[in-house]
Amino acid sequence: MDAPAVATVNKKKAAKKAREKVSQVPFRTYFKRHYLLYLMLLPGLIYFIIFKYVPMFGIVIAFQNYSPWLGIKGSQWVGLMHFKNFFASNDFGMLLRNTLWISFLNLVFYFPMPIIIALLLNEIRHERYKKVVQTCVYIPHFVSMVVVYSLTYMLLNESSGIINQLIELSTGHTIDFLSSKAWFRPLIILQSMWKETGYGTIIFLAALAGVDVQLYEAAEVDGAGRWRKLWHITLPAIKSTIIVMLILRVGSILNTGYEQIFLMTNSLNRSVAEVFDTYVYRQGITQGSFSYSTAVGLFKGIVGTIMVLTTNKISKKFGESGLY
C-alpha cells in the first residue's frame, strides 16, 4: 500500500477513535459543554416542527372523501379507495414513466456535474481567478425559475428566438423546441444543469477543503502527477460526501420539482411532461380533488422514504457511513 493510502487509512482510524471517545461522554455533560450549539439548532428545529411535521396530520384526508365544508372530523372515511383508483387509472403508468425518465436523466447527467466542477475549481491555483469563476457559476442559482423559463423562451421560441433564427439562416427551417416532445426532457436537464450546478459545488468544495495537504505533498514526492493525486487522494477523500448526496438524490427520485415542469408544460408536450408534482397540483388545486391528490402525494413520499432507507443500507454494506 502506497503512502497516501496508508495516511488515509490512519486518518479514518483516528476519526473513528475520536467518535468513540465522544460517545462515551454522558449526554448531560456534553450538553452543558456545548449548549450554544444546541441553541443554534433550535430555530431550524422549530421550523421543521411547524412547517414539516405539523402539516403531516393532514395526511389523514387521503383515507377520506374530504370536504372543506365538513372538515376532517366530519368527512366520510373511505379507506384505500383513492389509492386503488390511482393505481388502476391510465394516469399512473404515464406519471411513473415520465417521472422516472426525468429523474434518471438528472441522475446520469446533472448529478456528476457539481462534482466535476468542484474538482476543476480545486485545481485552480490563482485565487482571484478562482473566486471570479465560483461567483459566475453560483449566480444562476439565485435566478427565479420564471426568469429561467423567460430566457429559454427568448432563445428557443420558433418565431423570434435567437437560436431558431440562426438555425433558419443555416438550414432554411426552424425547430419547435418548446412544444416538441423529443426536446422537452433535454431542455429540463439543461436548465437544471445551468441553474444548480454551481451551487451544488459548495458541498463538494467544503469536503475538498478538509483534505490533508500533506497527502498531496507525499504523493508528489513519490512522483504522482495531477491525475494520480486526483484518483488516489481527492476522490477517496470526498467519496463519503458523494455517497450521501447520491442517497438524497435517489430518495427524491419521484420528486422532479413542480415549478420548472409546470412552466415548461403545454398542451402539445403534456404526454411526456406530466409528472407526480404537477398532477397533484392539477387534481388538488384546479379540480378540487383534495383527498385523491393527497393520496398521490403520500404514495410519492412513501416511495422516496423506501428509496432512502434502501440506498443507505446498500452504502453501509459497502463500508460507507451513509446518512445515519
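## Secondary structure and overall dimensions

The protein chain holds 18 helices and 2 strands. The model is predicted. Taken along the principal axes, the C-alpha atoms fill a box of roughly 70 × 65 × 35 Å.

Of contacts with a separation of 6 or more, 65% join residues 24 or more positions apart.

## Surface and burial

The protein chain has 324 residues, and buried residues make up 32% of them.

## Helix 11 against helix 14

Helix 11 covers residues 181–209, and helix 14 covers residues 239–251. The two pack at an angle of about 155°, with their axes 9 Å apart. Angles over 145 degrees count as roughly antiparallel, so helix 11 and helix 14 are roughly antiparallel to each other. The crossing of helix 11 past helix 14 is right-handed.

Helix 11 makes this contact with Ile203, Phe204 and Ala207. Helix 14 contributes Thr241, Ile242 and Met245. By class, the contact has 5 nonpolar residues and 1 polar residue. No charged residues take part in the contact of helix 11 with helix 14.

## Helix 6 against helix 7

Helix 6 spans residues 90–110, and helix 7 spans residues 112–122. Their axes lie 6 Å apart, at an angle of about 15°. Angles under 35 degrees count as roughly parallel. Helix 6 and helix 7 are therefore roughly parallel to each other.

On the helix 6 side, the contact is made by Leu107, Val108, Phe109 and Tyr110. Pro112, Met113 and Pro114 make it from helix 7. By class, the contact of helix 6 with helix 7 has 7 nonpolar residues, with no polar and no charged ones.

## Ser192 in helix 11

Helix 11 also contains Ser192. Is Ser192 buried or exposed? Its relative accessibility is 12%. Buried means under 20%, so Ser192 counts as buried.

Which residues does Ser192 touch, not counting residues up to four places away in sequence? They are Asn106, Tyr110, Thr197 and Gln260.

How values were computed: Residues are numbered from 1 along each chain as its sequence is written. This is a predicted model: local features need pLDDT of at least 70, side-chain atom pairs count only at pLDDT 80 or more; totals for chains, interfaces and linings use all residues. Side-chain values use heavy atoms; hydrogens and water are left out. Axes are lines fitted to C-alpha atoms, for helices over the stretch in contact, and angles run from 0 to 180 degrees between N-to-C directions. Helices (H or I, at least four residues) and strands (E, at least two) are DSSP runs, numbered from the N terminus. Angles under 35 degrees count as roughly parallel, over 145 as roughly antiparallel, 65 to 115 as roughly perpendicular and the rest as oblique. A crossing is left-handed if the near helix is turned anticlockwise from the far one by less than a right angle, and right-handed if clockwise. Contact means heavy atoms within 4.5 Å. Ala, Val, Leu, Ile, Met, Phe, Trp, Tyr, Cys and Pro count as nonpolar, Asp, Glu, Lys and Arg as charged, and the others, Gly among them, as polar. Buried means under 20% relative accessible area, exposed over 50%, partly exposed in between (1.4 Å probe, protein chains only).
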